[in-house]
Amino acid sequence: MKIDVRGWDAINHGLALPPFSYQGAVEHLADYGFSMPAQDYLPWKAWDFIARHQEIPIWIEESALKAMAACSIGQIAVGVNGINGAGQPGRSDRLHPTLKLLARHGRSITVRFDRPEKVTSKSAQVAQYLARKLEKEGASSSWWCWLPAMPAKTDDFIAAMIRGELAADQKVFLDTKVSTAVKIGSYRRLTGAWPRHRIDREFQAADVLGIAGRVVVLKGATGTAKSKAFVDAITQLEAATGQKQIVLGAYHRASLVHKGAAEFGVCDLSALAGSAEREGLHGAVGRAGLFCCGESAYKDSSEMTLWRWFWELKEKPRPAVLILDEISQVLANWVMGGTDALRSIRGKALDALEGLVGLECVKVWAADALVGDVEMEWLKGLTGETPALVESSFTRPRPLYLAEPTKHSEQTVVQALTAAANKGSRFWLGCGTPTTLHRLLDALPEAAEGTELRITGEDKSRADPRVMRLMADTEAEGATYQRVGFSPAVSCGISMAETPVNLTAVVQEFCWAAEDVLQALNRARNTRERILLAPKAVPEAAGITKETSAFRAAKALKESMEAGSLKDYAALIEQRHPATRKAVAELEARRNLEALANQWCLRGLLAEEGYIIEPLDKLILEGAGPDQNDLANERKALRTPEGIERHRLTALQRLVAGTTSIDAEQHLAKRLIEGGTFLDLKQVDVSEAWAVAQELQLDILAGAGIVHATSEEVVAVWEQLSQLDRQSAKRASRALGVRSDRLPGPLDTLDVRKVWPLLKRIGYGKGKPVGETRAEGKKWEITPICLDPPKP
C-alpha cells in the first residue's frame, strides 16, 4: 500500500504524522497526561499535545508506513519523504519547520533509517547529518540504521516481531541509538587505492632510492626521519653517479626554507640578500640549486629563482631533484593561501611548481605526515605516472589530553600550567588569539625576569629581538625560557627537539585549522604531556564556499565566477594545469570539512600521528595530582581522625570551587589508601557526601557569596531538606556526619540556623555579618573554612 506523505495542513505538508485513533492516542499518551472526551477528539489534537510536551520521545522514519509501524507499538514517529525529505521544498539545507518545532527544549529524537543495501548508500551519513541538525535546534538527538542479519526496515522488523520471528535478544534494537558525537569511522585524508610500500620503522635512503619511478611520496608521523632520508638519498645518489645533484625545494614558510637549505647545502632564497646563506656558501656541500617559499619563487631580477630553474632545466635538461616536504601545506599555500607578496606573483610561482613537477629530468620527492588523495592526484595529473607511496606505521606513542574549550577546561589548563610553573618546569602554550594567550599566561604565578616569551602577530611581539632570535635558532634560544606562549603565526615555523618540555598546551580557536594545530602540538618535540582544547567546529577556518564535497565546492566556485567577468576568469583558469584546477576544488572541500567537523577530523589525524587520546579529566587524575612526596605527607596526615576530616573537607571545597572533578577525587582517594581495605577507602572517599551536597543544593549555597536568612539559595536548601523521608534523612546524615533527628522535617518552618551546620560539613561557613536591611535582615558572606593543619 503506497501512502502519500502529507499532513492535513500547510504546516505539516511533506511530513507524515500518523493519525492516531482515540484509543491509540489514549494508550500511547495517557502516561504523559493526555485526556479528553472521545466525542471531542480529532487526530490533530494528539499531535498538538505531542508538540507541547517535550518529554515525549520521537522517532523519525523515512516513510509514512514505517512511521505508522513504529506508532503501532508505542514509539511516536514522524515520517519523512525519503532520507533527504526532512528539508523544506526546494531547500534541503533548511529543516522542516514542524521538525524544528518538535526539536525544541531537549526532546529526545532518534533518526532511524533503513539498512544501507549498497556500498554507495548514504543512509547512515544522512541519518547522522539530520540528527546533528536537530541537535542544533535543541533536541537531544541520535540516529540508527538497521543492521545486517535482521530485517532492513522498521516496518519489516516490527512485522517480524509480531509474527514471533525475531530472537529474544534482537528486540532490544528497537530502542538502540547512536550518539551524534560518534562519527562513522575515522577520518583519513588518504583513502584511495594507491600502490603502497609499507614499513614499520623510520625512513632510510633506501626507501627513496629503491623506487623505480621518479615520483616518491613518504608518509609517516612526525619524527620518522623523512627529511633525513631525503638528505642521505641525495648523498648516496651523488656517490653512485660521481656528480653533484641539482636540488630544489618548495616550502610554505621562510623558517622551513632556512632549515631545508642548510640541510641540503643549497641557496636559501629566504635569507638576507648578500648573506652566505643567500649565496649558497654556508655549507661544505656546495650543491647547485635553491630552497624557497612561494613569495620568493619568482623575482624580477637576474637572481636564480625557482621560476628561472624551471626554464633552465626545460631548455637544458639534466638530472635534478625537487623536494616537496610537507606537501599538503605547500600545495594549499601556493595555490590558495600565502601573503600579499605571493598573491602578486602566484601565476609565476605556480608556473614554476607545475613545470618542475612535470619535467621528465626532475625527480619529485614529497613527504608529509598528512598527505592525502588530493596531493597524490595532483602529482599524478602533472607527471602522468602514479606516485610511489612509502608509508611507515612507526610512531612514538604520545599521550594527549583532549577536551572542548569551556570555562572548566580552561581552568584545568591553567591548573596544569600553574603546577608546572610552581615546580620550575618548562612549558609551551599555544592559543588561537593573542587575547586568550595573554589571559591564560596572566593567570599564572608571575614569571621571573627573562624566563617568559610571548610570540604573537602584534607589533610589540614582531619588534621584539628575542622573538627574532627564537625564530632564527629555536633550539638554542628556546632552551633559555621556562615559558613560551605562541600564536598561529608560528604554529609550523619553529621546532625545538633537544630541550625537554614538561607540558605543551594548545587552545584551538578562531581560524586555527586542524593541520596547523597538529603542528603546534609538536613545536616542542620532546614534550612529556600535551593538552588540546579543540571545539567541534572552527567555522572561521573554512574556505569561501563552505561546501564539504569537491563537486559542490566546484559548483559554488563556478557560480561565483559567473557573477563576474567570465572572460577574466577564463583567461586565468586557462593558465593553470587541469590537475591544479581540480586540486583547487578538492582543497577547498577538504578545508571546509576539517573546519566544520573539526574535532572528528582532528581525532583521525592525531591517531595517524601516534597520539594516545585521553579525556582531559584524566590529566587531573594522573598529571595534576600530588607527586610522591605530597602523597607520602598526605598519607601520614590520614593517620589521625583530624587528618581524615581535613582531607574530606578540602576535597569538598575543591569540588565546590570547580577546580577538580569527582573522578579526580576518587582517583586520589584510591592512591592515598593503596594497600588498605575498602573501609580505609570509605573513610577518605567523598563521593556520597558530594552527591548528597548536590541533592540538597548545598554546593549552590556555598558558592552564593552574600546571603540572608531568606535568600533563594537558603530557601532551596530548606525545601530539599523538607522533602526528605526517613531513609533519605538517614542517608544525608550519614554522608554529612550529622544526626538525622537534627535535620528539618516537612512541618518545620524555615530556620537558617539549622542550615549553617550542614554547610560547615562541606567546608564552608558564614563569616561575620556584612550588613543588614529592614526587609532582609542580617547578611553574611559564605566563605571556605580555613583547613590549614595546626603548626607544631
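Analyst: Let's begin with what an axis and an angle mean here. An axis is a line fitted to C-alpha atoms, for helices over the stretch in contact, and angles run from 0 to 180 degrees between N-to-C directions. Keep in mind, too, that this is a predicted model.

Now for the pair of helices. Helix H12 covers residues 327–336 and helix H14 covers residues 373–383; their axes come within 10 Å and cross at roughly 75°. Angles of 65 to 115 degrees count as roughly perpendicular, so H12 and H14 are roughly perpendicular to each other. Which residues do the meeting? From H12 you have Ile327, Ser328 and Leu331, and they meet Val374, Glu375, Trp378 and Leu379 in H14. Sort the residues of this contact by type and you get five nonpolar, one polar and one charged.

Let's step back to the whole protein. It has 34 helices and 26 strands, and its C-alpha atoms fill a box of roughly 100 × 85 × 55 Å along the principal axes. Of its 792 residues, 49% count as buried. Take the contacts between residues at least 6 apart in sequence: 70% of them join residues at least 24 apart.

What about the nonpolar cores? The largest one has 50 residues, and Phe20, Leu29, Leu99, Val111 and Leu134 have the most contacts inside it. Helix H5 (residues 123–136) gives the most to this core, with six residues. Zoom in on leucine 99: setting aside residues up to four places away in sequence, leucine 99 touches Leu15, Ile60, Val78, Val80, Ala86 and Leu134. There's also a second, separate core of 49 residues, which includes Trp194, Trp309, Phe310 and Leu382.

Two of those partners of leucine 99, Leu15 and Val80, turn up again in a sheet: leucine 15 has valine 80 in S3 as its bridge partner. S1 and strand S3 (residues 77–80) pair in the antiparallel sense over two bridges. They belong to an open sheet of six strands with mixed pairing, in the order S1-S3-S2-S6-S7-S8. Strand S1 (15–16) and strand S8 (178–179) each have a single partner strand, so one side of each is left without a neighbour in the sheet.

Lying across S1, strand S2 (58–61), S3 and strand S6 (108–113) is H3, which runs at about 170° to S3. Helix H3 spans residues 64–72 and holds lysine 66. Is lysine 66 buried or exposed? Its relative accessibility is 9%, so lysine 66 counts as buried. Leaving out neighbours within four places in sequence, lysine 66 is in contact with Glu61, Asp114, Lys153, Thr154 and Asp155.

Strand S17 (residues 398–403) runs parallel to S23, and five bridges join the two. One detail to find on screen: leucine 402 has proline 615 in S23 as its bridge partner.

Last stop, a loop. Glycine 265 sits between helix H9 (254–264) and strand S12 (267–268), and glycine 265 is buried, with a relative accessible area of 4%. Glycine 286 is 21 residues away from glycine 265 in sequence, yet their C-alpha atoms are 5.6 Å apart in space.

Definitions and conventions:
Residues are numbered from 1 along each chain as its sequence is written. This is a predicted model: local features need pLDDT of at least 70, side-chain atom pairs count only at pLDDT 80 or more; totals for chains, interfaces and linings use all residues. Side-chain values use heavy atoms; hydrogens and water are left out. Helices (H or I, at least four residues) and strands (E, at least two) are DSSP runs, numbered from the N terminus. Angles under 35 degrees count as roughly parallel, over 145 as roughly antiparallel, 65 to 115 as roughly perpendicular and the rest as oblique. Contact means heavy atoms within 4.5 Å. Ala, Val, Leu, Ile, Met, Phe, Trp, Tyr, Cys and Pro count as nonpolar, Asp, Glu, Lys and Arg as charged, and the others, Gly among them, as polar. A nonpolar core is a set of buried Ala, Val, Leu, Ile, Met, Phe, Trp, Tyr and Cys residues joined through side-chain atoms within 4.5 Å. Buried means under 20% relative accessible area, exposed over 50%, partly exposed in between (1.4 Å probe, protein chains only). Two strands pair if DSSP finds at least two bridges between them.
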